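Here is a short briefing on one structure. It covers a pair of helices and a pocket.

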Amino acid sequence: MIEYRIDRRSGVATYVQIVQQTKQALRLGLLEPGDKLPAAREVVEATAVNPNTVLKAYRELEREGLVEARRGLGTFVRKSLGATPSDSPLRGELSEWASRARTAGLERDDVAALFAAVLDEHFDTTEKEQDHR
């Protein structure tokens, strides 16, 4: 089951963080079709966020067709986004790289900026803009 981690200093809305973390879990194969998301009450207890925030995130995921709410049963994953399982060799290589970056003295934000710049070099930014429409 997914455990949400909320970064209140990130500047990213809490419900968006929940949506992003759920999508990441779907991409990595940590959540698969049929899996149940934690009840809103459980997320509230674990993260100390407003219940309406959790429900807003779940509604957004439902609107995108990724999950479905079943009355009285909970919210379940409808489809996966995964192309790269969490045990992929690429993940191991990236983990080693992140470890080297940390050893070299880079902060988390430095690593994120560097990684984003490399992604922009290798992936067409117009694809991202079209995905958001």
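**Helix pair and pocket**

The model is predicted, so local features need pLDDT of at least 70 and side-chain atom pairs 80 or more, while totals for chains, interfaces and linings use all residues. Residues are numbered from 1 along each chain as its sequence is written, and side-chain values use heavy atoms, without hydrogens and water.

**The helix crossing**

- The axes of α1 (residues 14–27) and α3 (residues 51–63) come within 8 Å and cross at roughly 45°.
- Axes are lines fitted to C-alpha atoms, for helices over the stretch in contact, and angles run from 0 to 180 degrees between N-to-C directions.
- Helices (H or I, at least four residues) and strands (E, at least two) are DSSP runs, numbered from the N terminus.
- The crossing of α1 past α3 is right-handed (the near helix is turned clockwise from the far one by less than a right angle).
- In this contact (heavy atoms within 4.5 Å), α1 supplies Thr14, Tyr15, Ile18, Val19, Thr22 and Lys23.
- From α3 come Thr53, Val54, Lys56, Ala57, Tyr58, Glu60 and Leu61.

**The lining of a pocket**

- The second largest pocket has 14 lining residues (an atom within 4 Å of a point on a 1 Å grid, with a 1.4 Å probe; a pocket is an open set with protein on both sides within 12 Å along at least five of seven lines).
- Leu55, Tyr58, Ala69, Gly74 and Thr75 lie nearest its centre.
- α3 gives the most to this lining, with four residues.
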